[in-house]
Amino acid sequence: MKRMIIASLFLITACKEEKKEIQPQALQEQESISPKTETGISENKPDESGEAKKWLEKSIENYFKADLGNLDKEMQKITTKDYYDYKTDAMNVDMDVDGSLTLKEFQNKWKNKFDVRKAGVNIGFLISGQDWEEIKVSKCEQVLKSVPLSESEPAVFIFDVILSDEKLKSQYPVEIEVIKQNDSFLIANVSQE
């Protein structure tokens, strides 16, 4: 009887391990098939990711070339309204300016829309440095592309980005979420530590 129980346990364990090995293969096969929306139409054009990357790199570099007095307007042009409001609040936490929030108020206000732990509280948009000479995108790799379920949902692209200022020997790693909505790209979130 003991042998029968032990043999059964080995058989059950072997079956479970075989299922584990089969699942990753099935996932890989599913990923290799081009994603479809509910309508069965391919969700993104083949070059949409490349377009998002080029737009992001150009927008970042143009932002840092703008006059200091125009940075707020430039930020508004390349970000969603929600992200702009969120980041503006994050930059002004506990500052002595109109509309400034305490850290607790900021967290309560935005915790349902953004990861407030990665807001970059009290640091600037995209970089933590207050001064810069010439910011360049030294790395921009796509790490995720969403599959919108309907046409009303935006396509989402997430990029690992490193911004560099060679003259000041500074690097700023960030994760940037870009959405495509109404045939244009916008930054929807930037994760900063």
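Helices (H or I, at least four residues) and strands (E, at least two) are DSSP runs, numbered from the N terminus. Welcome to a predicted model, in which local features need pLDDT of at least 70, side-chain atom pairs count only at pLDDT 80 or more, and totals for chains, interfaces and linings use all residues. Residues are numbered from 1 along each chain as its sequence is written, and side-chain values use heavy atoms, with hydrogens and water left out.

**The chain as a whole**
- The protein chain has 193 residues, and 33% of them count as buried (under 20% relative accessible area, with a 1.4 Å probe and protein chains only).
- Its accessible surface comes to about 13,200 Å², with 51% belonging to carbon and sulfur atoms (areas by the Shrake-Rupley method with a 1.4 Å probe).
- Take the contacts (heavy atoms within 4.5 Å) between residues at least 6 apart in sequence: 58% of these join residues at least 24 apart.

**Helix α2**
- With 18 residues, α2 reaches 26 Å from its first C-alpha to its last, close to the 26 Å expected at 1.5 Å a residue (the expected span is 1.5 Å times one less than the number of residues).
- Its buried residues include Ala 52, Leu 56, Ile 60 and Phe 64.
- Among the elements covering the buried residues of α2 are α3 and the strands β1 (135-145), β2 (155-165), β3 (170-181) and β4 (184-191).

**Where α2 meets α3**
- The axes of α2 (residues 48-65) and α3 (residues 71-78) come within 10 Å and cross at roughly 170°; axes are lines fitted to C-alpha atoms, for helices over the stretch in contact, and angles run from 0 to 180 degrees between N-to-C directions.
- The two helices are therefore roughly antiparallel to each other (an angle over 145 degrees).
- On the α2 side the contact uses Trp 55, Ser 59 and Tyr 63, and on the α3 side Leu 71, Glu 74, Met 75 and Ile 78.
- These residues divide into five nonpolar, one polar and one charged; Ala, Val, Leu, Ile, Met, Phe, Trp, Tyr, Cys and Pro count as nonpolar, Asp, Glu, Lys and Arg as charged, and the others, Gly among them, as polar.

**Where α3 meets α4**
- The axes of α3 and α4 (residues 81-91) come within 9 Å and cross at roughly 140°.

Note on methods
Parallel < 35°, antiparallel > 145°, perpendicular 65-115°, else oblique. Buried < 20%, exposed > 50% of the residue type's maximum accessible area, 1.4 Å probe, protein only.
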